[in-house]
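Okay, thanks everyone for coming.

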Amino acid sequence: MTYVRTIILGASHWHVPLCAPAIAEEHEVIGVSDDDVSRVQVQDLAEGWGAPVEADWRKLVDLPDVGLAYVFGPHEGMAEKCLALIECGIPFVVEKPLGTSLDELSAVRQAAEAAGVPVTVPLVQRGGPTDQWLAKAGRPAYQRTSFIAGPPSRYLDNANPWMLDPVKAGGGCLANLGPHFVDLFLQGSDESAALVDSRLSSVLHNQAVEDHASLIITTPEGREAIVEVGYAFPGSPLKRYCSFTSVGEAGFASVDSDGTATFTALDGTTEVDKINVDSDPLYDPFVRSVARTLDDGFRGLPTLAQLEDVMRPIWRAYDDQHGGREHA
C-alpha cells in the first residue's frame with residue numbers, strides 16, 4: 001500500500017485527536033503546523049506521526065510531493081490556507097465552516113472547481129447511526145434536531161480559545177454545530193433552503209459568541225426543519241443532550257439522548273432499538289474514507305458545493321441577527 005504524503009494544518013483543533021489514529025494508519029504525515037507549536041497536544045500528535053512541527057504552514061505547503069492536506073484551526077485564515085493548497089494542486093480535507101463568511105467559502109469552492117482540486121469536508125453525521133435511523137421515515141417533510149453541547153469554557157480547556165472570539169470563529173454554536181444538522185436535512189430532503197428564520201442568544205454564558213441558536217429552514221417545496229444547537233449543557237461525562245425526529249412518507253422516526261431510537265410506520269407498528277449518538281467515533285471512518293476515495297476525487301464524500309448550501313442559511317441567520325453583516 002502506498003501512503004500519501006500528508007500535511008496537517010492547525011493540529012491543536014479538538015477534532016484532530018479523533019482523526020489521529022486513522023491518519024497514522026492511512027497516510028504518511030510529513031509535516032504538522034499550528035499557531036502555537038509549543039502546545040503539548042501538537043507535540044504529542046507530531047511525535048505519534050513521526051513528523052516535524054513547523055510554525056509557518058506555508059513551508060509545509062511548499063514541501064515536495066504533498067499529496068493531501070488536512071486544514072483545521074481558527075476559521076479566520078482558513079480560506080487563505082485553502083487557496084494556497086489549490087494553487088499548488090494539493091487535494092485537501094477542510095473543517096467546516098471554512099472561513100468566517102459565505103464569500104470566503106464561495107471563493108474557495110470556485111477556485112477548487114476551476115483548478116480541478118478535490119476537496120471534502122468532515123460532515124461526519126452524514127451516513128452515521130442517527131442519519132441512518134432517521135432515513136427510515138423517508139424523505140423528510142418535517143425534521144427537528146436539538147443538539148446541546150457542553151459550555152464554551154471547554155474551548156479554553158482544550159487550547160482553542162479562539163472559538164470564543166467572533167472575529168476568529170465567525171460565530172458561536174450555530175456556525176460550529178449547526179452545519180452537521182442542516183446538512184442532514186438538506187441531504188435527506190434533496191433540496192436547498194428557501195426561507196430561514198432564526199434566533200441567537202448569549203444570555204446563559206454572556207460570551208461574545210452565541211451559546212444557543214434556533215433555525216427554522218423551509219425548502220421550496222415547503223419541507224421544514226427546526227435546528228436547535230447550543231453550548232448550554234453542563235460540563236459532564238455525558239458530553240451533550242441531543243434528540244432528533246423526522247417524519248416522511250414512510251412514518252415517524254426519533255432518536256433520544258440516550259440512544260433510544262424509535263420508528264413508527266404508517267401501519268402503526270413500532271420498532272425500537274439502541275444506537276450510538278456520540279459523534280466522536282465518526283471521525284475515524286471518515287479519515288479512512290478519505291484515503292479510500294482520494295484517487296477518485298473523494299467520490300461520495302461531502303463537497304464544497306454542499307457545504308456552501310449548508311452554510312448559506314447559517315450565515316444568513318447571522319446577518320439577520322446582527323443587523324445585516326455582509327456574508328453573502
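This is a predicted model: local features need pLDDT of at least 70, side-chain atom pairs count only at pLDDT 80 or more; totals for chains, interfaces and linings use all residues.

Eight strands make up an open sheet, and the order across is S8-S9-S10-S7-S11-S12-S13-S14, with mixed pairing. At the edges sit S8, residues 195–201, and S14, residues 270–274, each of which pairs on one side only. On average, neighbouring strands here are turned by 5° against each other, ignoring direction.

Now let's zoom in on S11, residues 240–248. On one side, S11 runs antiparallel to S7, and nine bridges join the two. One of the pairs there is Pro140, whose bridge partner in S11 is Gly248. S12, residues 251–255, is also antiparallel to S11, joined to it by five bridges. Those two strands form a hairpin with two residues between them. If you want to click through it, Ser246 has Ala253 as its bridge partner in S12, and Thr245 stands opposite Ser254.

Is S11 enclosed or open? Seven of its nine residues are buried, so S11 is largely enclosed by the rest of the structure.

Then there are the helices. H9, residues 173–189, packs on the sheet and touches S7, S8, S9, S10 and S11. The direction of H9 makes about 155° with that of S10. H11, residues 304–321, lies across S8 and S9, and runs at about 60° to S8.

That's my tour, happy to take questions.

Methods:
Residues are numbered from 1 along each chain as its sequence is written. Side-chain values use heavy atoms; hydrogens and water are left out. Two strands pair if DSSP finds at least two bridges between them. Helices (H or I, at least four residues) and strands (E, at least two) are DSSP runs, numbered from the N terminus. Axes are lines fitted to C-alpha atoms, for helices over the stretch in contact, and angles run from 0 to 180 degrees between N-to-C directions. Contact means heavy atoms within 4.5 Å. Buried means under 20% relative accessible area, exposed over 50%, partly exposed in between (1.4 Å probe, protein chains only).
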